[in-house]
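Please read the points alongside the sequence and the coordinates.

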Amino acid sequence: LEFRRVLFRSRMLLAAIAWRSGDADTAWTVVSALDAEKPSAQTRHLMGLLKLAKGETAEGVRLLGDAVERDPYLQSAVETRLQTLLVLEDLDTLSTAAEAAHRDLPDSAIVTGMTGVARALRGEAGALELLQAAIAADPAQPFVHHGLGVALRAAGDNEGARAAFEEEIRR
């Protein structure tokens with residue numbers, strides 16, 4: 001049993017290294033074979049990333065969703081899925097997914113930020129506090145300054161909104 005776990009990890013590492021080295025075809029071959037043998041959140045996550053990199057966004061988002069469904073605590077899959085849903089402007093799915101992720105991963109600055117962005121874009125309460133917490137934890141993350149600008153504008157703080165939008169552009 002332990003030997004099988006080592007082989008699984010080795011093959012996942014091989015696929016990840018191939019992908020990061022620019023050999024997406026080898027990465028796909030390795031990870032899809034591994035997934036056929038033993039589907040997991042990790043295999044689906046990497047498969048989703050590979051599909052996104054190839055521009056196959058619908059399939060990439062589906063695979064990331066499957067990874068998160070299998071393991072809602074796989075932080076990198078959750079964060080990538082949320083950011084992709086925002087880019088695709090799928091606000092309904094983003095809102096639902098972000099709220100669930102925030103319950104499961106409350107210490108993730110990216111999840112907190114994406115939850116705040118989703119709330120701000122939908123005009124929901126609590127956006128400002130979430131966005132400020134996310135920015136305090138990690139001011140360099142994408143989209144949060146835009147969300148902060150939306151929330152501040154909705155609160156009537158046009159100067160603050162302008163500063164937030166300018167900060168988003170600088171990043």
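1. Among the contacts in the protein chain with a separation of 6 or more, 41% are accounted for by residues 24 or more positions apart, where contact means heavy atoms within 4.5 Å. This is a predicted model, in which local features need pLDDT of at least 70 and side-chain atom pairs count only at pLDDT 80 or more, while totals for chains, interfaces and linings use all residues. Residues are numbered from 1 along each chain as its sequence is written, and side-chain values use heavy atoms, with hydrogens and water left out.

2. The protein chain has ten helices and zero strands, these being DSSP runs numbered from the N terminus (H or I of at least four residues for helices, E of at least two for strands). From the N terminus on, the order of elements is therefore α-α-α-α-α-α-α-α-α-α. The C-alpha trace spans about 60 × 30 × 25 Å along its principal axes.

3. Of the 171 residues in the protein chain, 44% are buried, a class defined as under 20% relative accessible area, with exposed meaning over 50% and partly exposed in between (1.4 Å probe, protein chains only). The accessible surface comes to about 9,200 Å², of which 54% belongs to carbon and sulfur atoms; accessible areas come from the Shrake-Rupley method with a 1.4 Å probe, and for residues only the protein chains shown count as cover.

4. How far apart are the end C-alpha atoms of helix H2? They are 20 Å apart, which agrees with the 20 Å that its 14 residues (24-37) should span at 1.5 Å a residue, given that the expected span is 1.5 Å times one less than the number of residues. The buried residues of H2 are Ala 27, Val 30, Val 31, Leu 34 and Asp 35. They cover an arc of only 130 degrees around the axis, which puts them on the same side of H2; the arc is that of the directions from the helix axis to the C-beta atoms. An α-helix has 3.6 residues a turn, so residues three or four places apart point the same way. Asp 25, Thr 29, Ala 36 and Glu 37 are exposed on the other side of H2.

5. In the largest nonpolar core, which has 31 residues, those that touch the most other members are Val 78, Leu 82, Leu 94, Val 111, Met 114, Leu 131 and Leu 148. A nonpolar core here is a set of buried Ala, Val, Leu, Ile, Met, Phe, Trp, Tyr and Cys residues joined through side-chain atoms within 4.5 Å. At least two residues of this core are supplied by each of helices H4 (57-70), H5 (75-87), H6 (91-104), H7 (109-121), H8 (127-137), H9 (144-154) and H10 (158-170), and the largest share, six residues, comes from H7. Apart from this core lies another, of twelve residues, among them Phe 8, Ala 18, Leu 34 and Leu 50.

6. Leaving out residues up to four places away in sequence, Met 114 touches Leu 82, Gln 83, Leu 86, Leu 94, Ala 98 and Phe 143. Phe 143 itself lies in the loop between H8 and H9 and counts as partly exposed at 23% relative accessibility. Glu 89 counts as exposed, at 65% relative accessibility.

7. Which residues of H8 are buried? They are Ala 127, Leu 130, Leu 131, Ala 134 and Ile 135, and they cover an arc of only 130 degrees around the axis, which puts them on the same side of H8. What covers these buried residues includes H6, H7 and H9, whereas Glu 129, Ala 136 and Ala 137 are exposed on the other side of H8.

8. Ser 108 sits in the loop between H6 and H7 and is buried, with a relative accessible area of 3%. Its side chain reaches the backbone nitrogen of Val 111 at 3.1 Å. Not counting residues up to four places away in sequence, Ser 108 touches Gln 75 and Glu 79.

9. Ala 97, in helix H6, is buried with a relative accessible area of 13%. Neighbours within four places in sequence aside, Ala 97 is in contact with Arg 81, Leu 82 and Leu 85. The C-alpha atoms of Ala 97 and Ala 161, which are 64 residues apart along the chain, are separated by 26 Å.

Methods: A polar contact is a pair of N or O atoms within 3.5 Å; within protein, one must be able to donate a hydrogen and the other to accept it, and residues adjacent in sequence count only if both atoms are side-chain atoms.
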